[in-house]
Structures are given as C-alpha cells and as structure tokens.
Amino acid sequence: MSHPAPYPVRLADEITRRLGQLADHLSQLPPPQAAQVIARVLDPDTGVLGGITHLVATGSVFAKDQAEQGALPAEVWLALGRASNELHDITLDLDEHQDTLQHVGTQPATTAAKPPTPAPLVVRRHR
C-alpha cells in the first residue's frame, strides 16, 4: 500500500492543477476580464508571479543549505538562484504595465465604429 503524498506535495500538485484551470479560463474570457486576471496574476506583491518568485527564492535558500552540506550539487543552488533573480527582474519589468492592464480591465465594452489601432509588436528594450 502506497503512502499518501505529504501535504506540501499535494498542495504543489493542486496549485499546478489550478493554474492550468486558470489558463484555460483565461483563453476564453472577454478582453476586459482577461486583462483583470492577468493584472492580478502579475501583481508583484499579491499575484501568482510574485508568489512563484518568492517560492523559487525560498527554494534557492534551501538548495544553498543543502549544497553546503553536500546533499545537493552546487549547480542546483546556482540554477535556482539564477531563476530567482531572473523571475525577480521579469516581475519588475511586468510591474511597469500593471496600471495599463488594470485600466483595460475596468474599461466598459465599447461598440466603436472604428476599431482600435494595432500596436507594433516589436519593441526594443533599453537596459
């Protein structure tokens, strides 16, 4: 008889399943609602992306401790640290667009005779 997975493992599985459900719903939402969902997901303080970034940073601390004890290769810690830093940078980049997404999400549906002007999809980033 197999032992049930510990609560944190079940929690991780449930979160993964729920994220898949959210993505399925997002693909079917009208634009204002989709923008609201995206804005909440990307919120750096209370959103999914901020939570995942915090989780990976916490995993990096765990991996560092384990690597120092010889239980994990140092490459695991370095990879988690790099992922944590990159996610943090991505969160900061996306935070710049938080207000725009919230604004789009609160706009009433319009039946304008003239469709919105498409924006160019290639934008150069300045670093």
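**Figure 1. Helices lining the largest pocket of the predicted model.** Helix 1 (7–26) and helix 3 each contribute at least two residues to the lining of the largest pocket. Helices are DSSP runs of H or I with at least four residues, numbered from the N terminus. The model is predicted: local features need pLDDT of at least 70, side-chain atom pairs count only at pLDDT 80 or more, and totals for chains, interfaces and linings use all residues. Residues are numbered from 1 along each chain as its sequence is written, and side-chain values use heavy atoms, without hydrogens and water.

Figure 2. A pocket is an open set of points on a 1 Å grid over the protein atoms alone, where a 1.4 Å probe fits, with protein on both sides within 12 Å along at least five of seven lines; lining residues have an atom within 4 Å of a point. The largest pocket holds about 270 Å³ of space, a volume filled by probe spheres set on the points. Helix 1 gives the most to this lining, with six residues. Among the lining residues are Pro8, Ile15, Val48 and Leu55.

Figure 3. Helix 3 (residues 48–68) has 21 residues.

Key:
Expected span 1.5 Å × (residues − 1).
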